[in-house]
Amino acid sequence: MQAFLARFSHFFKKAPLLKEQLPCSDFFKEETRRKKAKYGKVEVLDQGGFFTMENCIFCKINNREIPSYKVYEDEQVYAFLDISQVTPGHTLVIPKTHVTDIFEYDETLAAAVFARIPKIARAIEKAFPEIEGLNIINNNKELAYQSVFHSHVHLIPRYSKDDDFKIHFGNHADNYTGKN
Ligand code: AMP
Ligand code: ZN
């Protein structure tokens, strides 16, 4: 653990927390209304915050206005360590072009981003050879747990059943069996 923290200590010290980017007050509710009027499409969060391309934290990371720990980069994508490090090496892959979620990709952008995932996965595996598995997750819209509205793919290395990452697939087959 110590060695891991030492590896990324400069990143953790410098990277700002997402919550600091999330405004939450009446002022910002009013600001949201104003932004909606100006941009038309604005993602409004529970907390009364908002995301636009103008204040998008991942665009800022891509533009080096906010520090990040780079894992991989080319002309189409940027991959960097997730600040929460659900497990060691937890990485986010973002398209350099701002798209809010999967519904906004065209085929060319999707091909570019998703084609790079295996290469980035192998790079993570090389850096963390003790990896036993890898979950790849892409959350789209708030209901589906998206909290940053610049599309991103989570690569979450798995080390053991007790590494504090869970997905639950409820089984509701009985509700549908026998019905057409
Ligand atoms: P999601 O909830 O799927 O939208 O994922 C957003 C992810 O962005 C979360 O896992 C956060 O930990 C991560 N995140 C937020 N701010 C930063 C940042 N400044 N640097 C790196 N990762 C971040
Ligand atoms: Zn963005």
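Tutor: Two strands pair if DSSP finds at least two bridges between them; helices (H or I, at least four residues) and strands (E, at least two) are DSSP runs, numbered from the N terminus. The model is predicted: local features need pLDDT of at least 70, side-chain atom pairs count only at pLDDT 80 or more, and totals for chains, interfaces and linings use all residues. Residues are numbered from 1 along each chain as its sequence is written, while chains are lettered from A and ligands numbered from 1 in the order in which they are written.

Student: In what order do the strands of the open sheet stand?

Tutor: The open sheet holds five strands, with antiparallel pairing. S3 and S6 each pair on one side only and are therefore the edge strands. Read across the sheet, the order is S3-S4-S5-S7-S6.

Student: Which residue of S4 stands opposite Glu73?

Tutor: S3 pairs with strand S4 (residues 77-81) in the antiparallel sense, over three bridges. Within S4, the residue opposite Glu73 is Tyr78.

Student: Which residues of S7 stand opposite Leu92 and Leu134?

Tutor: Strand S7 (residues 153-158) and strand S5 (residues 91-95) form an antiparallel pair over three bridges, and here Leu92 faces His154. S7 is also joined to strand S6 (residues 133-137), again antiparallel, by five bridges, where Leu134 faces Pro157.

Student: How far apart are the end C-alpha atoms of helix H5?

Tutor: Helix H5 covers residues 107-127, which makes 21 residues.

Student: Is Ser68 buried or exposed?

Tutor: Ser68 lies in the loop between helix H4 (57-62) and strand S3 (70-73), and its C-alpha atom is 8.5 Å from that of Asp82, 14 residues away along the chain. A residue is buried if 20 or more other C-beta atoms, placed from the backbone, lie within 10 Å of its own, exposed if 12 or fewer, and partly exposed in between. Because Ser68 has 22 such neighbours, it counts as buried.

Technical notes
Expected span 1.5 Å × (residues − 1).
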